[in-house]
Amino acid sequence: MVKAKKKPFEEIKQAIEGYTRVLNIGCGGCVSVCLAGGQKEVNLLNLQLNAALSGENKATRVDSFTVERQCNEAFLTDLDKVVPRYDGLMSMACGAGVQLMAERYPDKPIFPAVNTIAIGVDRQIGIYEERCRACGECVLGYTGGICPISRCAKGLFNGPCGGTNNGICEIGNEIPCAWQDIYERLKAQNRVADILKIKTAMQWQNQTRRMIVQDEYAARYEDKK
Amino acid sequence: MSDSRLAKILKSGQFAFTGELGPPRGSNVGAVREKAKPLIGMVDSVNITDNQTAMVRMSSWAAALIAIQEGLEPNYQMVCRDRNRLAMQADVLGAYAHGIVNMLCLSGDHQQFGDHPNAKGVYDIDSIQLIDMVRKMRDEGLFLGGAKIDEPPQMFIGAAANPFAEPFEWRVHRLAKKIEAGADFIQTQCIYNMDKMRAWVRQANDMGLTEKVYILAGVTPMKSLGMARYMKAKVPGMDVPDEIIKRLQGVDKKKQADEGIKIACEQIEEFKEMQGVAGVHLMAIEWEHRVPEIAELAGVLPRPEV
């Protein structure tokens with residue numbers, strides 16, 4: 001799922017200081033799961049913001065509202081009655097949620113309170129690892145289920161570079177070499193032959209905004225045209 | 001065919017000897033000329049590095065043109081870190097148009113090593129895809145996108161190999177992929193672990209790879225014990241055995257540089273006789289002025305006229 005991390009407190013506070021009534025909108029989806037922007041995080045952030053802002057004699061006050069999912073308009077209707085009371089909006093959803101809010105309330109300034117980081121997996125409570133960059137051209141079948149784009153620092157497609165250091169990436173930080181892992185896994189599965197073939201240049205699918213239309217549903221929209 | 005002198009020497013079966021020149025961190029033309037001078041007549045071709053260690057320097061093709069003016073034949077290095085496929089192909093055309101006929105296709109050190117650690121790394125294509133692209137431009141006269149090239153660039157295509165990085169048994173397969181992609185010659189990582197180098201070359205011989213590609217063994221003389229320790233501990237993919245450290249420890253500090261050159265010359269002697277090795281690539285890092293002395297001691301002079 002999408003993983004996000006709260007922005008630095010000062011950055012959030014400065015962004016909303018010029019507004020009197022701000023609504024901080026949480027999301028019950030991915031950002032809630034990764035403990036970045038669900039109801040609990042919205043309430044906690046607002047407590048801290050209101051305390052800090054009143055301590056500085058600022059007029060800004062922040063209220064809370066958490067929707068089930070900010071990336072689907074069906075879940076935003078309850079907000080329509082509430083939003084007009086505010087002169088500024090803040091969102092703790094991922095970048096998609098922030099943008100859908102901005103689209104729905106185009107006259108309201110909106111500020112993100114989290115940085116959207118990655119599509120990743122849960123390791124421990126509060127610890128997540130990036131796993132996918134949504135390139136749109138999945139190669140995991142060829143690489144033993146290990147992503148060379150998100151896990152190799154150079155996004156290589158043809159095996160480990162010369163910088164791999166006893167199984168660790170040349171950039172250090174104890175990051176395992178993705179291609180060493182790919183090699184070991186394929187070797188264990190007797191599939192090294194798969195990566196002996198040259199993988200030709202990637203035809204990048206993520207360089208323009210993508211619209212995803214599932215084949216099974218395409219017909220119903222074509223009919224409407 | 002390209003008019004590369006390096007290609008002619010290798011194809012004639014003579015032992016090649018290449019050098020390296022790192023462009024300056026500025027537009028100091030004099031600095032390039034100074035580094036070029038001691039290399040004239042000493043090497044068959046000189047690698048011009050491309051933002052090595054991810055530090056901004058004078059562009060590789062520009063320094064290569066200055067090297068040509070000085071009478072050297074450049075080996076134009078290109079890394080995948082800084083350019084996408086459009087810029088790379090444009091630079092290959094431009095470089096060839098100005099008389100650059102050799103190039104070395106590399107992944108490049110990651111940007112986090114350098115002084116712009118948060119630059120966006122491009123890596124649109126990888127080093128093997130770059131080799132394949134330059135081969136396609138030359139042999140098929142086509143851009144990667146498929147369109148026809150008006151006067152295809154006839155590059156002599158080089159690639160790097162690191163016989164020491166893990167997993168060792170993969171390394172010869174990576175070499176095979178680079179050859180299949182179109183590499184004409186290979187320059188290896190700096191070699192200190194001769195046992196591993198011998199084993200890797202033997203594998204390449206057994207697989208028939210050395211009949212398809214010219215392997216130039218990478219040699220970097222140790223300037224000091226400190227350098228040897230640094231390379232052992234800090235440089236990714238470098239394999240410095242303890243016996244090298246011990247040899248440098250065994251001589252007076254003032255003699256360490258001479259001992260480093262002696263070790264390098266012993267290696268070069270062995271490479272001259274090693275089946276499957278076609279030459280030596282000398283990477284005398286910031287030691288260009290000592291290349292004549294090393295070339296003399298290594299017995300690779302005079303360089304052949306071709």
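The largest nonpolar core of this predicted model holds 92 residues, of which A67(B), C105(B), V134(B) and I215(B) touch the most other members. A nonpolar core is a set of buried Ala, Val, Leu, Ile, Met, Phe, Trp, Tyr and Cys residues joined through C-beta atoms within 7 Å. The helix α5(B) gives the most to this core, with six residues. In the prediction, local features need pLDDT of at least 70 and side-chain atom pairs count only at pLDDT 80 or more, while totals for chains, interfaces and linings use all residues. Residues are numbered from 1 along each chain as its sequence is written, and chains are lettered from A in the order in which they are written.

**Cores**
- Not counting residues up to four places away in sequence, C105(B) touches M78(B), S127(B), L130(B), I131(B), V134(B), I157(B), G158(B) and A159(B); contact requires C-beta atoms, placed from the backbone, within 7 Å.
- Another core, of 31 residues, lies apart from the largest one and has Y19(A), L45(A), V62(A) and M92(A) among its members.

**Helix α5(B)**
- Helices (H or I, at least four residues) and strands (E, at least two) are DSSP runs, numbered from the N terminus.
- Because 10 of its 14 residues are buried, α5(B) is largely enclosed by the rest of the structure; a buried residue has 20 or more other C-beta atoms within 10 Å of its own.
- The buried residues of α5(B) include I128(B), L130(B), V134(B) and R138(B).
- Their cover includes β3 (74-79), α4 (85-97), β4 (102-106), β5 (156-161) and α6 of chain B.
- The end C-alpha atoms of α5(B) are 19 Å apart, which agrees with the 20 Å that its 14 residues should span at 1.5 Å a residue; the expected span is 1.5 Å times one less than the number of residues.

**Contact between the chains**
- Chain B contributes 27 residues to the contact and chain A contributes 23 residues.
- On the side of chain B that touches chain A, α5 (127-140) and α6 (168-181) of chain B each supply at least two residues.
- The largest share of that side, six residues, comes from α6(B).

**Chain A overall**
- Chain A has eight helices and seven strands.
- Its radius of gyration, taken over C-alpha atoms, is 22 Å, whereas a compact globule of 225 residues would have one near 17 Å by the rule of 2.2 Å times the number of residues to the power 0.38.
- The C-alpha trace of chain A spans about 65 × 50 × 25 Å along its principal axes.
- In chain A, 34% of the 225 residues count as buried.

Methods:
Contact = placed C-beta atoms within 7 Å. Buried ≥ 20, exposed ≤ 12 C-beta atoms within 10 Å, placed from the backbone.
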